[in-house]
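Please look through the structure below with its backbone geometry, overall dimensions and contacts in mind.

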Amino acid sequence: MGTFFAELSETLAYVGELMPALLSGALVTVELFILTLLFALPLGLPFALGSNSRIAPLRWLSKTYIWLFRGTPLMLQLFFFYFFLIPLINRTTSLQIDEFATALITFSLNYAAYFAEIYRGGIESIDRGQYEAAKSLGLTKRQTMFGIILPQTVKRVLPPISNEAITLIKDTALVSVISVGELLKATRGAVNRDVNPTAYLIAALIYLFFTFLLTMLSRYLEKRYSKYDVKGD
Amino acid sequence: MAILEMTGIVKQFKTCRALDGVDFAVEAGETVAIIGPSGSGKSTLLRCVNCLEKITSGKIIIDGDTLVDTNNEGKAVYPSEKEIRRICLETGMIFQHFNLFPHMSCIENICYAPIKVRGKTKEEAMATAKDLLEMVGLADKAEAYPVQLSGGQKQRVAIARGLAMEPSILLFDEPTSALDPELTGEILKVIRDLANLKRTMIIVTHEMAFARDVADRIVFMDEGKIVENGTPQAVLSESQNPRIRQFLQRFHDVGQGLQN
C-alpha cells in the first residue's frame, strides 16, 4: 500500500513537471485551431456560392479549388507550402512568413474547401419553394440568398461543421512535421527526453478535453438554432 | 381593359407540351377559377403569369406592361431580370405548400419583402402587417413561428404576406390541396372575403363547390388547352363537353358515395 502511494505521488510530481511544456504546446494548438476556423469558415462561402454559380468560369474555378484541396493529403499540402511556395514568397517579396503562419495558411485553405462543400450541401437542401416564394415577392437573387436561404442553412450545416472542427483539432498535430511547437511536438519532446511515455497519455487527455468542449459548444448552438425547426417537420 | 392578357401561350418541357396555345384574359376585379384534371396545365399557366416558369412562345401583358413577347423566329423574348421583377410585382402568388420562411416569425414573413423591395419603413410595414393579420384572423400570432401554426393558419399568413406587396392580381395555386379537409374552410372564407372586395384573383383549385360559389368565371383546362371558359353555371352545369362531364362525374360520384 505504502509503495503504491509513493509511486502515485512520484507520477503526479512528474506530470506536474511536464505540464508547463505541454500546456504551452496546447496553447499553440488552440491558436492554430481558432485562427483556422476564423479564416476558413468565411472563406468557404464564396467557393460554395461559386460552385453553384451560373457564371461558368467561377464555377470551374471553385470546383477545381475544392477538388485540389480535398483531393490531396493535408500533410502533402503542408510540405508543398513549407518547402516550396512560402520560401518562394519569402525570397521574392518583402513578406517573411514563419512556420506558424505557413501552417495557418495551409489549414485555412484546406478547411475552406471542406466547408465550401458543406455549405453547398446545406444550400441545396433548402426547398425549392423557398426560392419561389422569394421570387414571387420580388426579392433579388442576392436578397434571396442572404436573407432567406443562408439563414436557414446555418442550422443544417452545424452538425457537419462541428464534425469538421473536431477533425481539425486533431489535424493540428500534423504541423509538428514543419516544426511548429504545438501539443504533439511538445509531447514527443518530453517522451524522447525522459524516455517515459506518460506525456502521450496527458496529451490524449488534453485532446479529449478540447473535443469535449467542442461537442458541448455545438450542442448549445444547435439548440439555439432549433427554435424555428421541429424534428420531423 | 384586361389586367392580364395571355395569347398563344406555349410551354414546352423536355418531353411534354404543358401549355399548347392558350389564350386567356382576366378583367380587373374578376375572380377566375381554373379547374381540370391533374397534368392539364393549370398550375403551369399560373406559374407563367409570375415568371416562375418561362414560356416557349406567346405573349403576356400584365397591367399594360409586356412581360414577354414572341420574336420573328417564334421564340419568347423576356426583358431584363430587373424589368421582369418590376412587372411581376403586380402579381402575388399563394402556394399549395405555403412556402413561409421558417426562420422568421409571421410578422417578419409579411414585412420582409415590403421593406426590402417596396422600400417601406419598418413602422409602415409592421402597421400594414398587423392590419393584414387582423384581416385573416391571426392578430394574436404575429410573433409565432410558422412551425407553431396549423396548415390553415400558415396559409392565411401566406395570403397576408402576398397582400402586403399590394399586387394587382393574386394567384392561388391549389391553396387548400395540402390541408386537412376541416381546415380548408378558413382559407376559402378568406378568399371569399377578398372576392367580395373585388380583388382580381386567379385560383387553381379542386374545390368544385367553392369554384362555383366564389368565381365569376370558370376555366376548364385539359391537356394544355382551355376547353371551356364561361360562368360557373355554363361550365359546370350546362356544358356538353364530354371531357368536362367525365371530370365532374368523379366529384359527383364522391358526393353520392358519401350520401349513400
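In the loop between α5 (151–164) and β8 (169–173) of chain B sits Glu166(B); helices (H or I, at least four residues) and strands (E, at least two) are DSSP runs, numbered from the N terminus. This is a predicted model, in which local features need pLDDT of at least 70 and side-chain atom pairs count only at pLDDT 80 or more, while totals for chains, interfaces and linings use all residues. Residues are numbered from 1 along each chain as its sequence is written, and chains are lettered from A and ligands numbered from 1 in the order in which they are written.

Glu166(B) has a phi near 50 degrees, a positive value in a residue other than glycine. Glu166(B) is exposed, because 12 other C-beta atoms lie within 10 Å. The cut-offs are 20 or more other C-beta atoms within 10 Å for buried, 12 or fewer for exposed, and partly exposed in between, with C-beta atoms placed from the backbone. Glu223(B) also has a positive phi, near 50 degrees, and lies in the loop between β10 (217–222) and β11 (225–230) of chain B. With 16 other C-beta atoms within 10 Å, Glu223(B) is partly exposed.

Chain B as a whole has nine helices and 11 strands. Its C-alpha atoms fill a box of roughly 60 × 55 × 35 Å along the principal axes. Of the 260 residues in chain B, 47% are buried.

The contact between the chains takes 19 residues from chain A and 20 residues from chain B, where two residues are in contact if their C-beta atoms, placed from the backbone, lie within 7 Å. On the side of chain A that touches chain B, α5 (128–136) and α6 (141–171) of chain A each supply at least two residues. The largest share, six residues, comes from α5(A).

Within chain A, helix α7 (residues 183–194) and helix α8 (residues 198–224) pack at about 160 degrees with axes 9 Å apart; axes are lines fitted to C-alpha atoms, for helices over the stretch in contact, and angles run from 0 to 180 degrees between N-to-C directions. α7(A) and α8(A) are therefore roughly antiparallel, a term for angles over 145 degrees.

Conventions. Parallel < 35°, antiparallel > 145°, perpendicular 65-115°, else oblique.
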